[in-house]
Amino acid sequence: MPDQADVMDLNLVVETPEQIGIDFEIAGVGSRMMAAIIDTLVMSLLLIIATVAPLVLIASSREAAETMVDNVARQEHVFRGVSAVGLAIVFLSSFAVIWGYYIVAELVTDGRSPGKRALGLRVVRVDGFPIGLAETVVRNLVRFIDFLPGIYGIGLVSMMAGRKTQRLGDLAAGTIVIKERAGQEKGAFTALPTPDEHPPLPNTRVSAALTPAEMTLLTTYRHRVALLSPSVRAHLAAQIAPILRARLSDTSPLDDETWLWALAHEAQGGPPA
Amino acid sequence: MTAANFAAKRRIDWERLASLCVEARRLKSRRSGGEELAELARLYRRAVADLGRLRTLVAAQRSSEAQQAMVDWLNALVARAHAEIYVARPLSIAGLASFLTRDFPARFRRSWKLIAFAAGIFLGSTILTYALCANDIALARSIGGAGLEHNAHGFGELGRGHDGASDVTTTAFYISNNVKVAFMCFALGISAGVGTLYALIQNGITMGVTLAFVHHAGDTENLITFIASHGSIELLAIFVAAAAGMSMGHALIVPGPFFRAVALRRAAVSAVTLVLGAACLLLVAAFFEGFISPSSLPMSTKWLIGGVNAAALVLYFAMAGRAAPNPKLSSTLGYITH
């Protein structure tokens, strides 16, 4: 059976200025690393383009100079000029890609660089506001420390040490990476899901057979269950239901959660609301 | 009232809000989108209240998967609308102008102690190393190694001046290399400032040893002439970037009334002004370092340019941005909160 921590969603409740909390699900280390791999691939591709394109320009300029200019000295002059500019472009563009890729990628997409977009992640401030220039500069300059001593060693330790999966850059910038839920993407919203009607009552025996401790467990479950996230609720039901089913020799085909809910209401003496 | 009844009553507004969110980016770029954006803000505020109500209703009833999905959907909608309404101030030319004429110099004056401290550490290491090595070339070699000695002779040569097409290349190299050093000085500050201090001392020692090698070769005058035009700008920029890194370290060591995490965040985010300002200074310095410093201009001209640059720096950091702030021209780094 998985540990409780394995299924517990990492949630961050952000208080809006309107005093109502919005739930954000914090992204885990795994999806963060996957996003980083994709972003690194995109960055490498840009880096190759940034260095190869000017070098191709330099190489082709020699031929062009030879065919278009008669004077050998002039040819050499043109070639040198093109080489100097080409090398300058190599320096500047590779610098811009290495230090600027994430900053620009996060700035123009509201915190969703290509890797994060692919994994459905987004960087936001810890107070839920979108990131601005200052935050993205801080988190992406400190990224170079997080990357040490290679493949985000320090960043991984930092992400696993804290409760909000923040690497050092996130801590310094005051940002978190959240998982955007279905329907939250930039595209269209799916239609509002409408709730189904009450599920059929399970055919359990009268719960007088339960001990007071088991009754307390059931009552507590009934009161708490609405406040839990679906995965935690299912996990809890899977732990409690088998015990009570054995006690009541129940053989109904209902799933644990539905069965437990119906039992809790039956024990209280009322039908499910 | 059940959650389903409530949702049925409110869903028209929610779905209108959803479609406005999808359109939001287009609406914002259009002048005529104002009315719809106001509607978006109004619907958002109602949806936030609805979210609270729906949660209560669902919690009071049997919470089925489908009802939870409804809460999640509304939560996602509110989160999305929140992101559309509370936005970071967009980058603009006016923001850049305000940054250069006001924010950066004002921030520089507020951080002068840290900047002076960084300068002291760097120049102290340089002077100490030079004093030890100037007449003890064996010590210089043991610290600096053969590679640095070779480079030092190159620097000595540079001051003599030359004409060539490679100035564009060297300028580009100086920009990328020096801005990288500045960025690293800042980022290393996350180590409670220790990394930044290490970088300052290391670079200070390197400069001291280089000066000793140049002195040994009898090229001091050439080197000073080479450095004259850009040196003040370049060194100051590195001190500014290091001060930005050390302000993170300072926040971690002396957080004041805040939690360390909060103090760090406040210090780091506000130090971005210094880091970006340092990068701007290095762009200017690289232009002089690439085109003026190695040129065949006479020594006196280079010294004159160096003097003008130093005076301009003093004037800029002492005077710029002292007038009362113009609210219309506030910085790119600020936030619109409503």
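Q: What is said to happen to H4(B) at Phe99(B), and on what basis?
A: H4(B) bends by about 50° at Phe99(B). The figure is the angle between two fitted axes, one for the seven residues ending at that residue and one for the seven starting there. The model is a predicted one.

Q: What is the reach of H4(B) set against, and with what result?
A: Helix H4(B) covers residues 93-110, which is 18 residues. Its first and last C-alpha atoms are 25 Å apart, and 26 Å is expected at 1.5 Å a residue. The reach is therefore close to the expected value.

Q: Which residues of H4(B) are called buried, and what covers them?
A: Ser98(B), Phe99(B), Asp103(B), Phe104(B), Pro105(B), Arg107(B) and Phe108(B) are buried. The label requires 20 or more other C-beta atoms within 10 Å. The cover over the buried residues of H4(B) includes helix H5 (112-133), H10, H11 and H12 of chain B.

Q: How do you know that H10 and H12 of chain B pack, and at what angle?
A: Two packed helices are described by the angle between their axes and the distance between the axes. For H10(B) (residues 231-253) and H12(B) (residues 299-319), the angle is about 35° and the axes are 8 Å apart. Ser232(B), Ile233(B) and Leu236(B) of H10(B) meet Gly306(B), Asn309(B), Ala310(B) and Leu313(B) of H12(B). Sorted by class, this contact has 4 nonpolar and 3 polar residues, and no charged ones.

Q: What makes up the secondary structure of chain B?
A: Chain B has 12 helices and 0 strands. Its pattern along the sequence is accordingly α-α-α-α-α-α-α-α-α-α-α-α.

Q: Why is chain B called more spread out than a compact globule?
A: The radius of gyration of chain B is 28 Å, whereas the globule rule gives 20 Å for 338 residues. The value is well over the rule, so chain B counts as more spread out than a compact globule. Along the principal axes, the C-alpha atoms of chain B fill a box of roughly 90 × 40 × 40 Å. Buried residues are 46% of the 338 residues in chain B.

Q: Which residues of chain B touch chain A, by class?
A: The contact takes 68 residues from chain B and 54 residues from chain A. Helices H1 (3-29), H2 (34-60), H3 (65-85), H7 (167-187) and H11 (260-292) of chain B each give two or more residues to the side that touches chain A. H3(B) provides the largest share, 16 residues. By class, the side of chain B that touches chain A has 45 nonpolar, 13 polar and 10 charged residues.

Q: Why does Ala27(A) count as buried?
A: Ala27(A) has 25 C-beta neighbours inside 10 Å. The cut-off is 20 or more, so Ala27(A) is classed as buried. Ala27(A) lies in the loop between strand E2 (21-26) and helix H2 (29-68) of chain A.

Q: Which residues is Ala27(A) in contact with, leaving aside its neighbours within four places in sequence?
A: They are Arg32(A), Leu121(A), Thr165(A), Val177(A), Ile178(A) and Lys179(A). Contact here requires C-beta atoms within 7 Å. Glu180(A) is 153 residues from Ala27(A) in sequence and 8.9 Å away in space, C-alpha to C-alpha.

Q: What share of the contacts in chain A with a separation of 6 or more joins residues 24 or more positions apart?
A: In chain A that share is 61%. Chain A has 11 helices and 4 strands, and buried residues are 33% of its 273 residues. For chain B, residues 24 or more positions apart account for 84% of the contacts with a separation of 6 or more.

Notes: Residues are numbered from 1 along each chain as its sequence is written. Chains are lettered from A and ligands numbered from 1 in the order in which they are written. This is a predicted model: local features need pLDDT of at least 70, side-chain atom pairs count only at pLDDT 80 or more; totals for chains, interfaces and linings use all residues. Two residues are in contact if their C-beta atoms, placed from the backbone, lie within 7 Å. Ala, Val, Leu, Ile, Met, Phe, Trp, Tyr, Cys and Pro count as nonpolar, Asp, Glu, Lys and Arg as charged, and the others, Gly among them, as polar. Axes are lines fitted to C-alpha atoms, for helices over the stretch in contact, and angles run from 0 to 180 degrees between N-to-C directions. A residue is buried if 20 or more other C-beta atoms lie within 10 Å of its own, exposed if 12 or fewer, and partly exposed in between; C-beta atoms are placed from the backbone. The radius of gyration is taken over C-alpha atoms; the globule rule is 2.2 Å times the number of residues to the power 0.38.
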